[in-house]
Amino acid sequence: MLTPAIPSFAFLTSGLQSPSAPKNGLADLVATFVTAAFDPNPVVVENLGESAVTLTRRAISSCALGDHPRPLRRTVNRNQFLAACYVETLKAPIEHLIVGLGLKHGRTTKISRVMHTVGSVRSVDFTPAMVAAIDAHYQSAHAAEVLLFHNHPHNPFNVLFDNLPVASATDRRLMLKYVLHPVHLAKAASGGGRVRFYIGENEFVGEFTQPHWLDLLRAQSGEAVG
Ligand SMILES: [Zn+2]
């Protein structure tokens, strides 16, 4: 039987962004916030085991930026990894992208390696070395799981609203390119590992899982999504 090739994550080089001044005015802004209301509740990132969080933070901060994965001294669970990402980027004035590579283990992920790169105030891109490592890891085992965390530095939205993390339309389109691929859907549906997308913003960590509402509306009316 032919096994479908697992597609590359080369699309990830299109990068992640903070929500910016809406192109289409108020409709864009409202849709961005309304969509976020359907994402899961924020992740609890407190009281998760000081030593696990500390060793993960050390690995993140000592990574060669944008380069190959750095092994952790021992595996940490998903929320410990996210807590380390949260603390590392809490006051950061620019966007950071932190990748956790691990194995799905029951309802959590056991993370064993990390990668880290930095971007600008409003965006951050994957490097080719990171994409190659994600590809290799994701194909290495059925349970292989990838956590993608990026932060949104303080922006005009945080000042106006005490909001939970809000993924930009760009962030959500990147997530959907992965989620909607039949091979990834099949792997996740058969109990395999997934790629999961997280944002640190306004002192919260949240996962984003929903398509942007304006994209849904445009798709329904047959309009091309830019
Ligand atoms: Zn973003």
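Within the sheet, Lys104 has Thr109 of E4 as its bridge partner. The model is a predicted one, in which local features require pLDDT of at least 70 and side-chain atom pairs count only at pLDDT 80 or more, while totals for chains, interfaces and linings use all residues. Residues are numbered from 1 along each chain as its sequence is written. Helices (H or I, at least four residues) and strands (E, at least two) are DSSP runs, numbered from the N terminus.

Strand E3 (residues 96-105) and strand E4 (residues 108-118) are joined in the antiparallel sense by ten bridges; two strands are taken to pair if DSSP finds at least two bridges between them. The open sheet comprises six strands in the order E2-E4-E3-E6-E7-E8, and its pairing is mixed. Strand E2 (70-77) and E8 each have a single partner strand and stand at the edges, so one side of each is left without a neighbour in the sheet. On average, neighbouring strands of this sheet are turned by 25 degrees against each other, direction ignored.

Helix H2 packs on the sheet, where E2, E3 and E4 are touched, and its direction makes about 150 degrees with that of E2. Axes are lines fitted to C-alpha atoms, for helices over the stretch in contact, and angles run from 0 to 180 degrees between N-to-C directions. H2 also packs against helix H3 (residues 78-89), at an angle of about 55 degrees and with the axes 8 Å apart. The arrangement of H2 to H3 is therefore oblique, the class left when angles under 35 degrees count as roughly parallel, over 145 as roughly antiparallel and 65 to 115 as roughly perpendicular. The contact, defined by C-beta atoms that are placed from the backbone and lie within 7 Å, involves Ala52, Val53, Thr56, Arg57, Ile60 and Ser61 of H2 together with Gln80, Phe81, Ala83, Ala84, Val87 and Glu88 of H3.

Most residues other than glycine have a negative phi. Asn47, in the loop between helix H1 (26-36) and helix H2 (50-62), has a positive phi near 55 degrees. Asn47 counts as exposed because it has 8 C-beta neighbours inside 10 Å; a residue is exposed with 12 or fewer other C-beta atoms within 10 Å of its own, buried with 20 or more, and partly exposed in between, the C-beta atoms being placed from the backbone. Asn202, in the loop between strand E7 (195-201) and strand E8 (204-207), likewise has a positive phi, of about 55 degrees. Asn202 is partly exposed, with 19 other C-beta atoms within 10 Å.

Key
Contact = placed C-beta atoms within 7 Å.
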